[in-house]
Amino acid sequence: MIILVVKGFLNSFRYALAGIVCVFRTQRNMKVHCVAATLAVTVGLFLRLSSSEWVDIVLSIFFVLAAEAINTAVEAAVNLCTTEKHPWAKVAKDCAAGAVLLAAVNSVIVAVLVFGKRILS
């Protein structure tokens with residue numbers, strides 16, 4: 001019984017990792033977000049951010065990456081349900097894309113606040 005639980009638990013991680021790999025391989029914007037994240041981490045290392053500043057940067061990065069993954073899942077689910085142009089399909093896709101935009105804007109604001117005060121002082 002315990003082996004089945006552990007096996008199921010490990011499988012859930014494998015499926016999640018497969019989803020992350022799929023988003024990275026198929027979504028241009030995920031690659032853009034990863035480049036921006038790499039740049040933010042590089043600048044953070046150079047500026048020797050404090051622990052609390054790293055928390056802000058890391059949370060912002062993962063917020064954007066998670067939003068992009070959810071956006072991809074919504075688009076895939078909508079595409080699976082219909083090939084027709086339906087107004088509700090557009091709403092679902094537009095709202096999911098809007099969530100990514102909100103997360104990205106948040107990350108830019110956090111970057112300006114964290115890096116800006118370090119660079120300007």
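I started with arginine 118 and glutamate 53, whose side chains form a salt bridge at 2.6 Å, N to O. The cut-off I used is a Lys or Arg side-chain nitrogen within 4 Å of a carboxyl oxygen of Asp or Glu. Arginine 118 sits in helix H4 and glutamate 53 in helix H3, so the pair ties together parts 65 residues apart in sequence. Helices here are DSSP runs (H or I, at least four residues), numbered from the N terminus.

Source note: this is a predicted model, with pLDDT of at least 70 needed for local features and 80 or more for side-chain atom pairs, while totals for chains, interfaces and linings use all residues. Residues are numbered from 1 along each chain as its sequence is written, and side-chain values use heavy atoms, without hydrogens or water.

Buried or exposed: which is glutamate 53? I found glutamate 53 buried, at 5% relative accessibility. Arginine 118 is partly exposed at 26%. My classes are buried under 20% relative accessible area, exposed over 50%, and partly exposed in between (1.4 Å probe, protein chains only).

Next I checked lysine 117. Its side chain also meets glutamate 53 in a salt bridge, at 3.5 Å, N to O. That pair spans 64 residues, from helix H3 to helix H4.

I counted 3 salt bridges in the structure. Lysine 90 and aspartate 94 make one of them, at 2.5 Å, N to O. Both lie in helix H4, 4 residues apart, about one turn of the helix. Lysine 90 is exposed at 52%, and aspartate 94 is partly exposed at 40%. Shared partners join Glu53, Lys117 and Arg118 into one network.

Then I turned to the largest pocket, which holds about 330 Å³ of space. A pocket is an open set of points on a 1 Å grid over the protein atoms alone, where a 1.4 Å probe fits, with protein on both sides within 12 Å along at least five of seven lines; lining residues have an atom within 4 Å of a point. Of its 16 lining residues, Ala36, Ala37, Ala40, Ser107 and Val108 are closest to the centre. H2 gives the largest share of the lining, 6 residues.

Ile2, Val6, Phe9, Leu10 and Phe13 make a nonpolar patch of about 550 Å². Patch residues have over 30% relative accessible area and no salt bridge, with nonpolar side chains joined within 5 Å and like charges within 9 Å. Areas come from Shrake-Rupley with a 1.4 Å probe. Valine 6, in helix H1 (residues 2-26), is partly exposed at 41%.

Note on methods:
Helices (H or I, at least four residues) and strands (E, at least two) are DSSP runs, numbered from the N terminus. Grid points are joined across faces, edges and corners, and a volume is the space filled by probe spheres set on the points.
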